[in-house]
Amino acid sequence: MKGSDRLRRIASYALVAALAVAAVSCNEAHPNTTLVPHSDLGREIDFLWDRMLLLGTIVFILVEGVLVYVVFKYRRRENQPTPPQTHGSTSLEITWTLIPAVILVFIAVPTVRTIFITQAQAAPGSLNIDVTGHQWWWEFRYPEYGITTANEIYIPAGRTVNFRLRSADVIHSFWTPQLGGKRDVVTNRTNYLWYTPDSSTASNVWNGFCVEYCGASHANMRFRVFTVTPEQFASWVAGQKMPARFGAVGPVAPTGGPIPPPLEAPGVTVPGGPNAPTQAAQAAAQGIAQRSSGTGAAGGTQPAVPRAQNPAANPGAQTGVKGVAPAAASFASTPGGLPAGYIFPKEQIPDFAVPHAPIPPGLKFTAGLTGNAGRGKQIFSSSACIGCHSIAGNPAAMGVTAPNLTHVGSRSTIAAGRFPNAAAYLALWIKNARAMKPEVLMPTLGLNEYDPVLKAKVTTANGGLTDQQIADIVAYLSSLK
């Protein structure tokens with residue numbers, strides 16, 4: 001093959017590759033890209049990346065240019081003598097030593113600068129969030145407000161957030177691509193990560209991931225970050241500080257079917273209605289809006305405090321809210337004018353933040369069952385669930401090894417972001433969690449369901465639940481908002 005033909009073929013391949021890359025890049029938005037940062041930390045990392053890419057590109061072009069020049073200049077030709085050989089040139093050796101040294105200076109200065117910025121302590125007044133990684137879910141505690149939740153974070157746009165990271169078991173890694181760099185989560189020390197989401201990011205949802213392999217369900221260990229306005233954050237905090245509001249929902253839809261709107265089950269009512277204000281909710285809202293806007297008490301970077309395994313881990317279950325029964329803890333106005341208990345509207349959550357995991361084949365649930373929340377509370381409170389889960393307002397639920405369920409009905413997903421938080425999925429999750437998420441610690445509870453870990457079917461003797469009992473529990477959990 002002639003040289004010109006070879007060059008034309010290589011050029012055609014390169015053109016096709018370039019067009020493919022361009023098509024992929026322009027085809028759709030990339031919600032998990034790190035190249036469009038929305039925080040100060042993200043921009044610092046993006047600046048360093050852009051600088052390194054620029055310098056690396058310049059070096060690559062120069063080196064490859066010299067290489068190509070030498071290849072063509074001194075290629076073998078007929079009747080051409082051997083080119084002069086250069087050996088032991090002090091000038092050349094000094095030159096090719098100094099050039100890399102100068103290049104390293106241009107690389108080291110911005111790198112060290114970025115390290116000092118990203119490793120500095122968070123600014124005073126930051127919102128502290130204690131993050132604990134578990135196999136395979138995330139626990140989030142707001143020590144300033146006494147709130148514990150799981151797999152979803154609400155943060156006010158424009159205020160610095162200081163994450164204090166630690167692991168309860170193996171090494172994990174905490175990462176929200178569009179907001180900040182990833183940071184390892186380990187057992188024997190507390191790591192820190194802080195960033196300030198842009199004020200323009202209010203009313204947005206961001207995907208978060210574990211990016212350190214941590215076992216069979218590593219890919220299923222996700223979370224969501226909701227950036228909201230300071231007023232919405234204050235409202236959310238006020239609602240989360242309340243014990244769970246007790247209500248009821250309608251029928252549990254069959255897998256994949258439509259989920260009906262919340263209805264009152266026979267014999268169960270929500271005292272005062274969903275929007276009845278209470279004095280306790282009003283009191284809980286006071287002072288939150290000011291702190292959420294960054295003007296309250298100073299934050300810090302002291303080590304995260306492990307979650308104590310005692311009644312203090314569930315203060316709502318122990319003491320409740322004075323003067324308010326769990327069923328009546330509803331909405332009141334916050335200083336920002338919003339009712340207490342803001343929840344990011346599910347209809348506004350973009351598709352990229354909605355899970356689309358398939359239901360395992362063979363896992364079914366009886367269609368048309370109506371769950372009763374009151375009956376579900378009794379079943380839940382007398383089952384093995386209370387040994388792992390905590391619910392403020394339910395004195396029986398004092399567990400500390402699984403996600404806090406106080407306001408689980410207000411969350412957008414279940415199973416650490418693997419499935420939508422809808423009745424049909426929740427029923428299947430309770431029935432056979434280990435079929436829906438590999439090697440999850442939650443036991444299989446459905447009667448006659450095969451437990452892939454125990455390699456046996458669940459019986460009544462070991463706590464198996466019928467579909468009707470599961471439907472009742474779903475009604476109860478869905479009412480916890």
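A residue counts as buried when its relative accessible area is under 20%, and as exposed when that area is over 50%. The exercises below apply to a predicted model.

**Exercise 1.** Find which residue forms a salt bridge with Asp467, and state whether the two are buried or exposed.

*Solution.*
1. Side chains of opposite charge can pair when their charged atoms come close.
2. The partner of Asp467 is Lys431, with the closest N and O atoms 3.1 Å apart. The cut-off for a salt bridge is 4 Å, so this pair qualifies.
3. Because Asp467 belongs to helix H11 and Lys431 to helix H9, the pair ties together parts that are 36 residues apart in sequence.
4. Both Asp467 and Lys431 are buried.

**Exercise 2.** Locate the salt bridge of Asp451 and give the elements that it ties together.

*Solution.*
1. Asp451 pairs with Arg434, and their closest N and O atoms are 2.9 Å apart.
2. Asp451 is in strand E15 (residues 450-451) and Arg434 is in helix H10 (residues 433-436), so parts 17 residues apart in sequence are tied together.
3. Asp451 and Arg434 are both buried.

**Exercise 3.** Describe the salt bridge between Asp130 and Arg141, and say which network it belongs to.

*Solution.*
1. The side chains of Asp130 and Arg141 meet at 3.8 Å, N to O.
2. Asp130 sits in strand E1 (residues 127-134) and Arg141 in strand E2 (residues 137-142), 11 residues apart.
3. Asp130 has 3% relative accessibility, and therefore counts as buried.
4. Asp130 and Arg141 are linked with Arg164 in a network of salt bridges.
5. The salt bridge count for the model comes to 8.

**Exercise 4.** Characterise the second largest pocket by its volume and lining.

*Solution.*
1. The space in the second largest pocket is about 630 Å³.
2. Its lining has 31 residues, and those nearest the centre are His389, Ala402, Pro403, Trp429 and Met442.
3. Strand E13 (413-414), helix H9 (423-431) and helix H11 (467-478) are the elements that give two or more residues to this lining. Helix H9 gives the most, with 3 residues.
4. By class, the lining residues are 24 nonpolar, 5 polar and 2 charged.

**Exercise 5.** Identify the residues of the nonpolar surface patch that contains Leu35, and classify Leu35 by its accessibility.

*Solution.*
1. The patch is formed by Leu35, Val36, Trp49 and Leu53, which together have about 390 Å² of accessible area.
2. Leu35 is placed in the loop between helix H1 (3-27) and helix H2 (40-73).
3. The relative accessibility of Leu35 is 51%, so Leu35 counts as exposed.

Terms used. Residues are numbered from 1 along each chain as its sequence is written. This is a predicted model: local features need pLDDT of at least 70, side-chain atom pairs count only at pLDDT 80 or more; totals for chains, interfaces and linings use all residues. Side-chain values use heavy atoms; hydrogens and water are left out. On a 1 Å grid over the protein atoms alone, a cavity is a set of points where a 1.4 Å probe fits but cannot get out, and a pocket is an open set with protein on both sides within 12 Å along at least five of seven lines; lining residues have an atom within 4 Å of a point. Grid points are joined across faces, edges and corners, and a volume is the space filled by probe spheres set on the points. Helices (H or I, at least four residues) and strands (E, at least two) are DSSP runs, numbered from the N terminus. Ala, Val, Leu, Ile, Met, Phe, Trp, Tyr, Cys and Pro count as nonpolar, Asp, Glu, Lys and Arg as charged, and the others, Gly among them, as polar. Patches are made of residues with over 30% relative accessible area and no salt bridge: like charges are joined within 9 Å, nonpolar side chains (Val, Leu, Ile, Met, Phe, Trp, Tyr) within 5 Å. Accessible areas come from the Shrake-Rupley method with a 1.4 Å probe; for residues, only the protein chains shown count as cover. Buried means under 20% relative accessible area, exposed over 50%, partly exposed in between (1.4 Å probe, protein chains only).
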